[in-house]
Each structure stands twice: as structure tokens, then as C-alpha cells.
Amino acid sequence: MRVAMIGTGYVGLVSGACLSEFGHHVVCVDKDAGKIAALKAGKIPIFEPGLDEVVAANVKAGRLSFTDTLSDAVTAADAVFIAVGTPSRRGDGHADLSFVFAAAEEIAKAMDGYTVVVTKSTVPVGTSRKVEDVIRKARPDAKCDVVSNPEFLREGSAIEDFRRPDRVVVGCDTDRAREVLTEIYRPLYLNETPILFTSRESSELIKYAANAFLATKITFINEMADICEKVGADVQDVARGMGLDGRIGNKFLHAGPGFGGSCFPKDTLALLKTSQEVGAKTRIVEAVVAVNDRRKSDMAQKIEAALGGVSGKTIAVLGLTFKPNTDDMRDAPSLVIVPYLQEKGAHIRAYDPEGAQEARKLLQVETCDDAYEPMKGADAVVILTEWNEFRALDLERVKTLLKTPLMVDLRNIYRASQMEASGFTYVSVGRGTSGQS
Ligand SMILES: NC(=O)c1ccc[n+]([C@@H]2O[C@H](COP(=O)([O-])OP(=O)(O)OC[C@H]3O[C@@H](n4cnc5c(N)ncnc54)[C@H](O)[C@@H]3O)[C@@H](O)[C@H]2O)c1
């Protein structure tokens, strides 16, 4: 199959590279000429573990190439994937579909012969039909089908998620398009990956429902963490006790500073918009959005309280990205917590293994080159993201560097008893302070 991937970001680049690994000929397109120039020079513009190797191997095999000229990729393609961004629209939280429709118009002008256009971007129910309208208006003679194929990969483990997904969802209305998508995902059929064919509406809603459900799980355990702190329970024990129940499962039950990232915040908001528009309120998702928004500033206040006020104090922050193994800063809790502390007079020195460059675009923060550097003379160390390298800090060294041995761990990566034995005052989430849990 000849595939064009429109949008070469976190989803488009991973999907394009992995589809070429499946044996298809893939051309990745981006209107950001700098990104394409970097890719052509063998540089990966984002941090995603393992992506560089997959890209290099498939470029070498002649199955993967890059262009900033959409028509070069689309004219020869059997399938064109739209993987452009769908951020929250400023002001109303609706998914901004302008990039999707702009891409659809360009695709319409360039397509030649029967083409399947696939919306891989996360788009509200009804969008695939609207994409089809845009294409048919621009090219009444177009021979095409538009299908929905939402993506479920997680940044940080995106390659493995694409190679071995829990399921593939395809929303399509014609047998011809179904055959093309079946061919594209044939290697996954061989792995016995469930491939779910549904209507386009169901497919589009599956993506939002799945993300809203996961966001709800996180928010639920965060609220349980607050109760734990009041009653002297340990949220990690509570989560484990809940998660061992097969009906519940242990994933997404880690208490922390609230969900962030490029998907959950915007997708929960977009689902709320859809629900309001169609007159089917989702009060659960409404509460999730409100509770999660509040959580980030609550966590900033938790840090403030742990230090007994932050004015004039220096805080070493470990981790700025919304989760480990990515450089993605979109909607990261650090974007609320760091400015809050700075406003209250704190000096923040931070270290993030991969996110510093992105972070400096969004935060006025001094960044350091390793985990220990920001601790020199600091009043406390705060863990915001659970990068693996923060799990085994040399605690003796940390103690000698800090002015006072205080750690606020918003990801619960240490045990209170261990920290107490090491002479730290340790504040975590849902477990009370050291000595109390
Ligand atoms: N990031 C994730 O983990 C994830 C997971 C599942 C689904 N999604 C969804 O996938 C979509 C893409 O997300 P992302 O994180 O990859 O976005 P991104 O911002 O990283 O990448 C989007 C890319 O599209 C390019 N682009 C925009 N319009 C274009 C056009 N007309 N022609 C060519 N290129 C164009 C941009 O330059 C950018 O490089 C979104 O709808 C998102 O919700 C993201």
C-alpha cells in the first residue's frame, strides 16, 4: 500500500514510521518545513524512545520518506491519514478542527484515483462526514471514502503501542474502504490484535469515551488520595486493593498532581462540548474537568504549605514534562505549579531529562543539566514527573546539597519509611507526611 501521513508530530511520525515497518510505502508530510528538513537530515524532532531507530531503518529500506509538499505524497497514495493537531479552541474548549479541514481541502485537490482518507486525529463525532463534505465540495469528481481510525498510542511507549495495540478501531461505511484498512493493518491481524469495525460515529466516540474514562480513573484516585490524607490511609495500598479487582484493573490508579498532556485535558473538554450540543449532559466528565483543574493549584499549595511559605526560598524541581519519557509539555501540571510558586516569591531551579528545551519556551525557569545541580543550597526538592532516574537518587548526596532535607514527592516514587530513615521530611500524595504513614 502507498500511504501518505499528513502531520508529522507525535502521532503522525510514529504512525508513519510504524506503517512503513509493516511493509507499506509511507510519505510523511508536514507544513513545518524545519521539521521536514530535520527529518531528511536524519534528526528526530521529538523525543520518543526507539523512534529514531524505526525511522532510520525504514528510510534506509526505502519505504519511508518526508516532504513538505502535500501533493507529492497524496497523488500516488491509496490511503491518506490525517494526523494533524486538534487543540482546544481558545475560549470555548471545542476541538479546533481548522487544521483537519485545511488538510482535507489540500488532499482533495491532490488526490488521484480511488483514495481512502483516514481521520487519525482525535475529532468529535460527525467530523469524518464533514471531512467528506469538504472533499466532495472541493472535488465533486473525487473517488474516495472517508474513514475514522482513532489512535490510542501513549507518548513514551508509542512504538510498542503501535506495534502491539490492545485494539484497532475503524469506523467506515463501505466494503471497499474496509478492504484497504484491512490490508494496511494486516500484520496486526497476524498478531491476533482485535480490529473493531464500527460506524464512523461510534469510532469517533470510542476515542473520547476511552480518554474520558481514563481521565475519570485518575481523578477518582486523586480524590481518594485526599480522603486518605484525612483519615491516615495510604492511597497506594488503597489503589492496589482496588486494582487487584479484575473489574477495576490497576492501571491509571496512581495519585498525583492531576492529569495533563496533549490529550486528556483537551479531549475531556471537547467531549463536554459535544454532550452539551446534543443535549446529553455528562456530569461525570464535567466534574472530572473541574476537579482536575483545581488539583494542579491544590498541589502548588501543598508545596507551599510543606515549606511553610515559599517567599525568598529556592526550590529544586525534578521533572517538568507531563509524564516521563517524552519532551511534551502540553498541559503539564508544572505549567500551573511553577508559576504559582514563582508568584509567591520562590526561585525555581529545575531539571528535566528531555523537556528542558520545550519547558523554557513556556516557563521562565532556570534549567540545570542534572538532577543534583538544582538542589545546591535549595530549601526543598519537589518531584513533579516520575522519570526513572529520580527513583534512585543518592539520598545522602541530596541531603548534603539541600539547605534542609525536605522532599515533596507528587508522584509517590519513594516510601515514607525509607525517607524517614534517611532523615528527610517527606511529603507525598495521599499518604500524609513522614512519620504519619
Ligand atoms: N500525542 C498523543 O499522544 C496522541 C495520542 C492519540 C491521539 N492523538 C491525536 O492525534 C492528533 C495529532 O496529535 P499530535 O500530538 O501528533 O500533534 P502535533 O502537534 O505533535 O503534530 C501535528 C503536526 O501536524 C502538522 N500540520 C498541521 N496542519 C498540517 C497540514 N495542513 N499539512 C501538513 N502538516 C500539518 C503540524 O505542523 C504538526 O507538526 C491530535 O488530534 C491528537 O489529539 C494524539
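How far is a nitrogen atom of the ligand from an N or O atom in the side chain of glutamate 155?

1. The distance from that ligand nitrogen to the glutamate 155 side-chain atom is 2.7 Å; a polar contact is a pair of N or O atoms within 3.5 Å. The protein buries 90% of the 830 Å² that the ligand exposes when taken alone, with accessible areas from the Shrake-Rupley method and a 1.4 Å probe.

2. The model is predicted, with local features requiring pLDDT of at least 70 and side-chain atom pairs pLDDT 80 or more, whereas totals for chains, interfaces and linings use all residues. Residues are numbered from 1 along each chain as its sequence is written, and side-chain values use heavy atoms, without hydrogens and water.

3. A polar side-chain atom of lysine 266 lies 2.6 Å from an oxygen atom of the ligand. A polar backbone atom of valine 11 is 2.8 Å from a ligand oxygen atom.

4. Around the ligand there are 25 residues, of which Asp30, Lys35, Thr86, Glu155 and Lys266 come nearest; a residue is near if one of its heavy atoms lies within 4 Å. The shell comprises nine charged, eight polar and eight nonpolar residues, where Asp, Glu, Lys and Arg count as charged, Ala, Val, Leu, Ile, Met, Phe, Trp, Tyr, Cys and Pro as nonpolar, and the others, Gly among them, as polar. At least two shell residues come from each of helix H1 (10-21) and helix H5 (98-110); helices are DSSP runs (H or I) of at least four residues, numbered from the N terminus.

How values were computed
A polar contact is a pair of N or O atoms within 3.5 Å; within protein, one must be able to donate a hydrogen and the other to accept it, and residues adjacent in sequence count only if both atoms are side-chain atoms.
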